[in-house]
Amino acid sequence: MDNQMHSLTIAGKTYRSRLLVGTGKYKDFAETRAAIDASGAEIVTVAIRRVNIGQNPGEPNLLDALPPSQFTILPNTAGCYTAEDAIRTLRLGRELLDGHSLCKLEVLGDPTNLFPNMPETLKAAEVLVKDGFDVMVYCSDDPIQAKMLEDIGCVAVMPLASLIGSGMGIVNPWNLRLIIDSLKVPVLVDAGVGTASDATIAMELGCDGILMNTAIAHAKNPVLMGSAMKKAVEAGREAFLAGRMPRKYYSADPSSPTTGLIGS
Amino acid sequence: MEISLNGETRQFPSPLTVAALVETLGYTGKRIAVERNGEIVPRGRHAEVTLADGDRLEIVVAVGGG
């Protein structure tokens, strides 16, 4: 039961954690690895970048710290502003990872707010799905376009909870709920989580999982925050499945018996 | 011959295979991926693909990111 409750199935493969993490903004690879181990995440996302030609080709590689034999590496298109760049980047990522088809698509629209460019995202998703990729897609929290991404064949839809790297938390739980209720594929919050309670709130809404990076990497103690996020995601999932008590507005209900008090 | 390598124009002796270029750069055996003129060159074909003057190459690695 425990395993099923906390495991997540994407594109037919079951993962032991509902927490997915990014690998950016850490001090070094040792800290990256320690924080990710503490988080219990199995799927870790990586960016694809040009090698620095002429600069120490023997320098340590991220995938030495996070070997594909131990983690599911999710190449992403962070920093891409057109469908074409995102498609090329993911084809390179697939080659880099020996044909592994799971990927994270994001096509950005604005360098200041990093909001997704949804027309380009939809265009890229169509091409990538036809090309055999299992596409997990970062998107706006628009239930209509989220459904379009599911209809195209994306294996997971990942609306932002608030701006990437902002730590502003879950700013529109109502839209997230609309998306969760209308889609069949897993819905993961991608971006905006700032601390453990944000992750719990997202999971209590019924999200299937959460992808986060900065909340862990930029905590004062990333390893401890990784551990906190693991518990927060699990707590939120359990609370969602348990079903919260109904809210009673302006009306208290004592937890202790109202009879048998001394002096009565 | 002139090749655009990761956006920089560079001169290389001809003939040159992708595998030989990767070796020259010190990336043999490293986890990299190569794109030539917009198309992936699969690792298994690095030794047989010969570069031509004016080719545009991208060589990438995985880096930390979210």
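Start by selecting Lys184(A), which counts as exposed because its relative accessibility is 76% (exposed means over 50% relative accessible area, buried under 20%, partly exposed in between, with a 1.4 Å probe and protein chains only). Lys184(A) sits in the loop between helix H7 (173–182) and strand E9 (188–190) of chain A; helices (H or I, at least four residues) and strands (E, at least two) are DSSP runs numbered from the N terminus.

A word on what you are viewing: this is a predicted model, where local features need pLDDT of at least 70, side-chain atom pairs count only at pLDDT 80 or more, and totals for chains, interfaces and linings use all residues. Residues are numbered from 1 along each chain as its sequence is written, chains are lettered from A and ligands numbered from 1 in the order written, and side-chain values use heavy atoms, leaving out hydrogens and water.

Next, select strand E4 (residues 43–50) of chain A, where 6 of the 8 residues are buried. Which strand of chain B runs antiparallel to E4(A)? Strand E5 (residues 56–64) of chain B does, joined by 5 bridges (strands pair if DSSP finds at least two bridges between them). Click Ala47(A) to find its bridge partner Val63(B). Within chain A, E4(A) pairs in the parallel sense with strand E5 (residues 72–75) over 4 bridges, and there Val44(A) has Ile73(A) as its bridge partner.

Finally, select Leu105(A). Leaving aside neighbours within four places in sequence, Leu105(A) is in contact (heavy atoms within 4.5 Å) with residues including Thr77(A), Leu90(A) and Tyr138(A).
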